[in-house]
Amino acid sequence: MFPKIPQFPIRHRVYTMFKIVVCVKAVPDPKEACNIKIDPATKTLMRCDVPMVLNPLDKYALEAALQFKAEFDAHISVLSMGPPEAGNIVKECLALGADRGFLLSDRAFAGADAFATAYTLAKGIEKNGPYDVVFCGMASSDGSTEWVGPEIATFLKIPVVTRIKEIVEYNGQWWTVKAELENGYRLVRVQIPAVFTVTRELNTPRRLSFSGIIKARKKEITRWGIQELGVPEESVGLKGSPSMVSTIASMDSRRKVEILEGKREEKAEQLVQRLVNAGVI
Amino acid sequence: MGKSRGPVWVIAEQIDCRILEVSFQLIGHGRKLAAALDTTVEAILLGHKMEEHPRQLFAAGGDRVYLGNDPELAVYQPEIYTEIIEKLAKERQPEIILVGSTAMGRELAPLIAARLDTGLTAHCIDLVIDGNKVLESRIPAYGGLLSIICPDRRPQMATIATGVFPNPEPDESRTGEIIPIEVPKKIPRRIQTLEVVREEPEGMDLESATIVVAGGAGAGDPAGWRKIAGLAEVLNAALGATRPAVDEGWAALETMIGQSGKMVSPELYIGVGLSGELQHMVGISGAKIMVAINNDAKSPVFEQVDYGIVDDYREFVPVFIEKIKEYQGKLKTC
Amino acid sequence: MIDFTFTEEQEMFRKAAQEFAETQVAPNVPEMEKTGKASQDLVKAMAEAEMMALTIPEEYGGLGLGYTARFIALEEISKVSVAAGMMLQVFALGIEPILKFGSDAQKKNFLPGLATGERLASTAVTETTGGSDPTGIRSTYKKDGEDYILNGRKCFITNSHIADTITVLAKDDENPKAFSTFILEKGMEGFKATHEENKVGMRGCNTGELAYENCRVPKENLIGVEGKGLGVALAAIGDVGRGGMVACALGLQAACLEVSVKFANERILYGKPISRLQTIQNKLADMKIDLEAGRLLGYKAASMQDKGERSSNEFAVAKYFTTEAAQRAAKMASDIHGGYGCMEEYAVSRYMRDSFVLGPSAGTSDIMKVIIARWTLS
């Protein structure tokens, strides 16, 4: 069964398969996130007790790649920087339909801020070979900075469009997309290769399927450490992070709480009374 | 004493030739930072038909404005804006760069930070200069308040949402230097904003509302969410949401209140079915009265409000609405 | 001995089943509760999610994932709806006789359609005169040329009205000691699903009666050797039927425990959540103990099944233990909820009703003990 030939040649190359890279992250399950605490010694997140799952927005990024692949055919590589336990989310992406997985994992990568994370991922993307498009989730549910996508693009020296809510047109080397704004959107035309960070508006991610999980058995996940990436220690992890946490303080609550008691009707009446007295309704 | 420091920069943002409030707020706060560092405040403003605008930036507290005034700069063009700011920063060596946490800011700031090889802090709710003359960016996280610093590299960068800092009192008598910027010709133009399309926001504007009702994960389902919306309606309040509620699809992202959403400062805030997570609560500043309705008596939200109702909101809210309507009815008759 | 951890792949199966249960099963539950009828949407969704293909080998269009994977899927689905779990488990029960005892032709003929969910399956043994005692059935078959003529009625059959192929156990007209199993297909002349039951629990799982009057069944539809059908039926029920019940029961127990913990943490009495009270903690501990023990019994039997070993005895132990435990769990959960446990809007009232339908399904607890005693004494 021949793959459908995409309608466009890429750069100067003769037809080669369109290559998509999706960057994903393992995050503490957002539904149990309230149990997470900060380690006061290392001042980084202690993630032990809460199960790690695929960052929700990354599912949308992967779905964008999978939908492209269904229409035009493509090879999808998934990259993730994380501890060895994060391997299961890469496997999950393979089960959802990605072709190849890479886990950038090394003690040296730990404690990275967005800058060092983006740098490491960019190096991993470069090592993987030529690519046409990089999809990322707009932000992770834990760090939630939104910085990694644009910084990867900068290190790769390619353009980026953040907060994609719709891909309007794939036209050879020029894509037209809608990028979300506060009230509305920007219509942007961008030349690929480029980085796209996606929002939940873009698509509806597919669910895991049993047959997808079976197919994933034959797909490879490769682990790359600092040796394989060939990057200096000072550029990655805690050492490579320009930002660091200096102090942790607790937030004081300055309010005196009154829990209203009594039957429902009484409580409601009391509450209305209090609010009226305070002049707020 | 010691090496003189570069200025505090604010990347001002304009939309349709109007400078956003956050830009003025950052200049206002920037003055405090600059004073502690014994340096000046400068703003970069890129747009078209911007001749009159530097005046406003001076009035807010800026000492110098770098003005890019060109049709090509009318709307945000990532590569061009980044190139201009990067070049200027390498020339002028600012100590600090502040950017509003807007859609544009959240794309532009990391592009600049990566080009300048420096750190960038997101979701700041406060900025102070510490004992070592280093910028401390304070962000709420995981039950605490973190101070992030970028000790070695310069500039130190941060994004701040509108409403975190107050609007400065404009001083029309202030003036400053305007330095014109040219649009660089020889840069790759691989990306182009073709047009900016505005859509009317649904519902009331959260940031200016006097009463805000917010719903969270405890709403449970769309039917429940509608009950909460009903409460907002009867109070003529703006309806906001926490991140879980947005994730479930009950509320739009634009209505999210919190660290990575909107900052609100109503007189009355009522949180329904939410747990009072820090990331959300920091979005509410200076509310006169805060109320929480939650069926879990152990919920942390009850430590952060003035009045708490421990009840199933599905049962309580309809009764509450009744009582409010009764009260409103009485008002009309006297 | 054994490694008690699930493989990475099995964890992914569980995840896939959980996602399915939460997004595709849960929305159908209110309607199922109201009407008591099987949901066509749910059946379609199950087919799309390849749920019917789990135990069917790849060469016949299935996924060939085996019985542990099936167990995992059933457990997660039952946690959201026991009725949905029951419906699905009986599909596999209907598939099993063809899978294990069918001829190549029968497998080629029936399995692909069953794998895609285009056709649905069930197995019918129970009659008014014998369920616990299958030899007491009165359905008969009589040879007529190359074909067989079947007469009789079945009752309490799951998927009676939605199944396309039903494996039916009948007695030789002339020899009351000989039994055979036949594949009856929907639409066969003289065969129809008659009365549909209105159950108080497991609502949304179709249970009903079948009747076949002078129903002509071609010889191609006889499973295995004529006269040796009892073994076919009992093997399917003993391994797959019982196994399915264990998974359904465990799912229900997990659901009971979850809602109990949630309620106990939220309900304030004497100034603190009731989860701090020892009597409540005792109940939660009991539920937890039963769940942990039941899981070990169930997954051990399922792993034997995957190795191709006979597991009916192990599943008898597990079925007895877990279905009894599920009834206890539902009662304890209801007690923890107090008055709220009687209210329809609290899921726990449904769990109570679902729990006691688990008991008599696929063999009563008393019958389980008979089987276990026989095993012990052998």
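A: In chain C, α4 and α7 cross in a right-handed manner. A crossing is right-handed if the near helix is turned clockwise from the far one by less than a right angle, and left-handed if anticlockwise. Helix α4(C) covers residues 66–80 and α7(C) covers residues 229–266. Their axes are 7 Å apart and the packing angle is about 40 degrees. Therefore α4(C) is oblique to α7(C). Under 35 degrees counts as roughly parallel, over 145 as roughly antiparallel, 65 to 115 as roughly perpendicular, and the rest as oblique. Axes are lines fitted to C-alpha atoms over the stretch in contact, and angles between N-to-C directions run from 0 to 180 degrees. Helices (H or I, at least four residues) and strands (E, at least two) are DSSP runs, numbered from the N terminus.

This is a predicted model: local features need pLDDT of at least 70, side-chain atom pairs need pLDDT 80 or more, and totals for chains, interfaces and linings use all residues. Residues are numbered from 1 along each chain as written, chains are lettered from A and ligands numbered from 1 in written order, and side-chain values use heavy atoms, without hydrogens or water.

Helix α7(C) has another partner, α5(C). Here the axes come within 9 Å and cross at roughly 155 degrees. That angle makes α5(C) roughly antiparallel to α7(C). This crossing is right-handed too.

Now look inside α5(C). The helix spans residues 82–101 and holds Glu96(C). Glu96(C) has a relative accessible area of 4%, so the residue counts as buried. Buried means under 20% relative accessible area, exposed over 50%, and partly exposed in between (1.4 Å probe, protein chains only). From Glu96(C) to Met52(C) is 44 residues along the sequence. In space, their C-alpha atoms are 11 Å apart.

Ile2(C) is partly exposed, at 47% relative accessible area. Together with Phe4(C) and Leu296(C), Ile2(C) forms a nonpolar surface patch. The three residues share about 330 Å² of accessible area. A patch takes residues with over 30% relative accessible area and no salt bridge; like charges are joined within 9 Å, and nonpolar side chains (Val, Leu, Ile, Met, Phe, Trp, Tyr) within 5 Å. Areas come from the Shrake-Rupley method with a 1.4 Å probe; for residues, only the protein chains shown count as cover.

Helix α3(A) (residues 114–128) and α4(A) (residues 148–156) pack at about 50 degrees, with axes 8 Å apart. The two are therefore oblique to each other. Helix α3(A) passes α4(A) in a right-handed crossing.

On to the charges. Side chains of opposite charge can pair when their charged atoms come close. A salt bridge puts a side-chain nitrogen of Lys or Arg within 4 Å of a carboxyl oxygen of Asp or Glu. Over all chains, there are 55 salt bridges.

In chain A, Arg206(A) pairs with Glu63(A), with the closest N and O atoms 2.8 Å apart. Arg206(A) lies in the loop between β12 (194–198) and α5 (210–215), and Glu63(A) in helix α1 (residues 56–72), so the pair ties together parts 143 residues apart in sequence. Arg206(A) is partly exposed at 38% relative accessibility. Glu63(A) is buried, at 4%.

In chain B, Glu95(B) and Arg5(B) meet in a salt bridge of 3.6 Å, N to O. Glu95(B) is in the loop between α3 (78–92) and β6 (96–100), and Arg5(B) is in the segment before β1 (8–11), so this bridge links parts 90 residues apart in sequence. Glu95(B) is buried at 8% relative accessible area. Arg5(B), at 31%, is partly exposed.

Also in chain B, Arg189(B) bridges to Glu72(B), with the closest N and O atoms 2.9 Å apart. Arg189(B) lies between β12 (177–181) and β13 (191–198), and Glu72(B) in the loop between β5 (64–69) and α3, so the pair ties together parts 117 residues apart in sequence. Arg189(B) is partly exposed, at 35%. Glu72(B) is partly exposed as well, at 29%. Elsewhere, Glu265(A), Glu269(A), Lys323(B) and Glu326(B) are joined into one network by salt bridges that share partners.

Lys32(B) is exposed, with 55% relative accessible area. Its C-alpha atom is 26 Å from that of Asp117(B), 85 residues away along the chain.
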